[in-house]
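Colleague: I've got this one open on my screen. Can you walk me through a few spots?

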Amino acid sequence: MVAKFERTVADYVGAKDGVATVNGTAALHLALRVVGVTLEDEVLVSTLTFIASANAIHYCGAHPVFMDSDEISWNMDPQKLSDFVRDECRFRNNVWRNKTSGRRIAAIVPVHILGHPVDMDPILDVARRYQIPTVEDGAESLGARYKGRSVGSIGDVTCFSFNGNKIVTTGGGGMIVTNNQTLAEAARHLVTQARTDPIEFVHDQVGYNYRLPSLNAALGVAQMEQLESFVKVKRDLGAFYRAAFKEMPGVTFMPEARWAEPTYWVNTILLDRSVSEEDRTRIIGVLNSRSVQAQPRWRPLHRLPVYRGEQAYRVETANDLYRRAISLPSSVALTEAERSYVVERVREALAP
Ligand SMILES: *Cc1c(COP(=O)(O)O)cnc(C)c1O
């Protein structure tokens with residue numbers, strides 16, 4: 001069932017191969033390791049994301065360098081990424097090193113947040129120009145498309161999650177997808193303790209017990225049959241919210257870039273630029289008290305106590321989005337009445 005699930009997901013996104021893992025975090029850790037991230041390296045990652053994106057870097061003994069979001073997609077700002085490597089790094093001993101820390105830049109981790117793809121072309125330009133591998137965190141954006149290409153078939157390596165809150169779930173699970181056969185084989189080897197002999201217990205590296213159980217894979221195969229219909233319902237809900245919030249003073253709905261076909265995994269609104277973090281928290285409280293499960297978005301990772309010592313590069317937009325964002329109920333099971341209920345409660349909560 002694991003092989004079948006891997007084939008199903010890889011075929012769906014249009015990648016050559018897939019390696020299933022116990023969860024999305026394990027997929028990220030493994031992917032970073034097979035692209036060569038190691039002790040005292042640095043990895044450039046979006047600051048506005050779930051903490052797993054950065055933790056996987058830390059598991060390799062490497063340091064995250066936090067990058068800002070752009071306003072068009074809320075994902076990694078390609079211009080600032082490019083500026084960072086050009087202005088803050090130097091080519092020495094055949095690698096790009098951070099001028100300040102002296103550490104090697106070993107990978108770039110763009111994260112496709114909330115179902116909206118990253119503007120990958122300019123990021124891949126930077127990656128090619130400076131010969132830095134990319135590992136995309138696609139955990140939230142299976143089913144999304146960028147200029148007609150599925151997330152998972154754009155860069156070198158993409159990681160997905162099949163956690164209970166994701167668009168399709170295996171209870172818990174993850175996967176690396178790639179067109180690079182060498183990387184896929186390296187990941188497949190490490191995912192099962194790097195065993196080299198089918199009979200003898202011989203291992204040539206320190207691997208992991210990161211293999212997805214067959215039971216979960218079976219669930220995944222069945223779930224993948226529903227992915228397209230889930231995407232359709234989610235896009236429909238996104239369109240409903242977009243229309244509803246268009247005329248409402250005090251809010252704007254999440255962006256859909258020209259080149260994007262997002263899945264609207266989690267629908268999110270922004271309050272006015274003048275709003276304070278306290279106001280945003282109060283409004284979420286009001287919504288929760290009316291049974292609307294509203295949530296703040298992630299606090300930018302460079303501001304969390306665990307990562308406060310790490311470098312963040314010219315972060316502005318991500319802080320602004322964090323202060324203003326409220327995520328709204330986005331389940332495929334929401335009824336028409338529930339959708340309208342959410343919009344009405346937001347209208348009330350914003351009323352002066
Ligand atoms: C869910 C998620 C992960 C981690 O996936 P798990 O399966 O929960 O380990 C990684 N990155 C992002 C952006 C996520 O949303």
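Colleague: Is W259 buried or exposed?
Modeller: W259 has 12% relative accessibility. The cut-off for buried is under 20% relative accessible area (exposed is over 50%, partly exposed in between; 1.4 Å probe, protein chains only), so W259 counts as buried.

Colleague: What kind of model is this?
Modeller: Residues are numbered from 1 along each chain as its sequence is written, and side-chain values use heavy atoms, leaving out hydrogens and water. Local features need pLDDT of at least 70, side-chain atom pairs count only at pLDDT 80 or more, and totals for chains, interfaces and linings use all residues, this being a predicted model.

Colleague: Which side chain makes a polar contact with the side chain of D119?
Modeller: D119 is buried yet has no salt bridge (a Lys or Arg side-chain nitrogen within 4 Å of an Asp or Glu carboxyl oxygen). The nearest side chain of opposite charge, K147, is 4.6 Å away. A polar contact takes N or O atoms within 3.5 Å, one able to donate a hydrogen and the other to accept it. At 2.7 Å, the partner is Y146.

Colleague: How do the rings of F91 and W96 pair up?
Modeller: Rings pair if their centres lie within 6.5 Å (planes under 30 degrees apart are stacked, over 60 edge-to-face, the rest tilted), giving 12 aromatic pairs. F91 and W96 have centres 5.3 Å apart and planes at 55 degrees, so the pair is tilted.

Colleague: And the rings of Y146 and W259?
Modeller: Their centres are 5.2 Å apart. Their planes sit at 75 degrees, so this pair is edge-to-face.

Terms used:
Lys and Arg count as positive and Asp and Glu as negative; His and the chain ends are not counted. Rings of Phe, Tyr and Trp (its six-membered ring) pair if their centres lie within 6.5 Å; planes under 30 degrees apart count as stacked, over 60 as edge-to-face and the rest as tilted.
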